Amino acid sequence: MTRKRELLVTLSGGFLCLFFLGGFALTILPMDEATYSDKVFPLLQGNLPGDELGRNFEAVKTLSTWFAITLLVVLCLIALASFFLKGNRNPGRAGIILIAAGGATLIGTQLVAFPLAFLFFLAAALCFFRKQPNRKGVTHA
């Protein structure tokens, strides 16, 4: 038996992380300061003084680097958790790994991606608490 619900929630969270965190990182990391000052900084200028451009650019570059590193860690954890979920091998271990993926998402994005981390925590809770019937009709964890 497989744990399709847990896999679906886990892979949805992974896809959303890939889309949002990877998209932000791929947009900002190759950008130079001139492009940043033309395209992105005017959107933020209402809250920031104009002389803060250099420091703001470095802060956004650092944030996108953290997002990229977080994405790599989370995708590795998702792959490992999916291995344990496939075929209902060890859902308890998959739940622990998914909690780690959610924690890495929270810490690596400085709590910005908490909706994405919630998906990993939800999948972990499903791993721990949802009973799976076997072929004879007896439920087990």
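How many helices and how many strands are there in the chain? The chain holds five helices and two strands, where helices (H or I, at least four residues) and strands (E, at least two) are DSSP runs numbered from the N terminus. The order of these elements from the N terminus on is α-α-α-α-α-β-β. The model is a predicted one, in which local features need pLDDT of at least 70 and side-chain atom pairs count only at pLDDT 80 or more, while totals for chains, interfaces and linings use all residues. Residues are numbered from 1 along each chain as its sequence is written, and side-chain values use heavy atoms, with hydrogens and water left out.

Of the 141 residues in the chain, 38% are buried; buried means under 20% relative accessible area, exposed means over 50%, and partly exposed lies in between (1.4 Å probe, protein chains only). The accessible surface of the chain is about 8,400 Å², and carbon and sulfur atoms account for 70% of that surface. Accessible areas come from the Shrake-Rupley method with a 1.4 Å probe, and for residues only the protein chains shown count as cover. Among contacts (heavy atoms within 4.5 Å) between residues at least 6 apart in sequence, 66% join residues at least 24 apart.

The interior was examined next. In soluble globular proteins, nonpolar side chains tend to be buried together. A nonpolar core is defined here as a set of buried Ala, Val, Leu, Ile, Met, Phe, Trp, Tyr and Cys residues joined through side-chain atoms within 4.5 Å. The largest such core has 24 residues, of which Cys-17, Val-74, Leu-85, Ala-94, Leu-98 and Phe-120 touch the most other members. At least two residues of this core are supplied by each of helix 1 (4-28), helix 3 (53-85), helix 4 (91-108) and helix 5 (114-129). Helix 3 provides the largest share, eight residues. A second, separate core consists of seven residues, including Ile-28, Met-31, Tyr-36 and Leu-53.

With residues up to four places away in sequence not counted, Val-74 touches Cys-17, Ala-101, Ala-104, Thr-105 and Phe-120. Thr-105 itself is placed in helix 4 and has a relative accessible area of 0%, so this residue is buried. Apart from neighbours within four places in sequence, the contacts of Thr-105 are Cys-17, Thr-70, Val-74, Ala-113, Leu-116, Ala-117 and Phe-120. Thr-105 and Leu-116 are eleven residues apart along the chain, and their C-alpha atoms are separated by 7.4 Å.

Helix 3 has 33 residues and should span 48 Å at 1.5 Å a residue, which agrees with the 47 Å between its end C-alpha atoms; the expected span is 1.5 Å times one less than the number of residues. Ser-82 lies in helix 3 and counts as buried because its relative accessible area is 15%. When neighbours within four places in sequence are left aside, Ser-82 is in contact with Leu-7, Thr-10 and Leu-11. Helix 3 is followed by Gly-87, which has a positive phi near 75 degrees.

Most residues other than glycine have a negative phi, and most peptide bonds are trans. Phi is near 55 degrees in Gln-110 and about 70 degrees in Leu-111. Gln-110 counts as exposed because its relative accessibility is 54%, and Leu-111 counts as exposed because its relative accessibility is 56%.

A search of the whole structure gave one salt bridge, defined as a side-chain nitrogen of Lys or Arg within 4 Å of a carboxyl oxygen of Asp or Glu. Arg-3 forms a salt bridge with Glu-6, with 2.8 Å between the closest N and O atoms. Both of these residues, Arg-3 and Glu-6, are buried.

Helix 4 and helix 5 each supply at least two residues of the nonpolar patch, and helix 5 gives the most, with three residues. Phe-128 is in helix 5 and counts as partly exposed because its relative accessibility is 32%.
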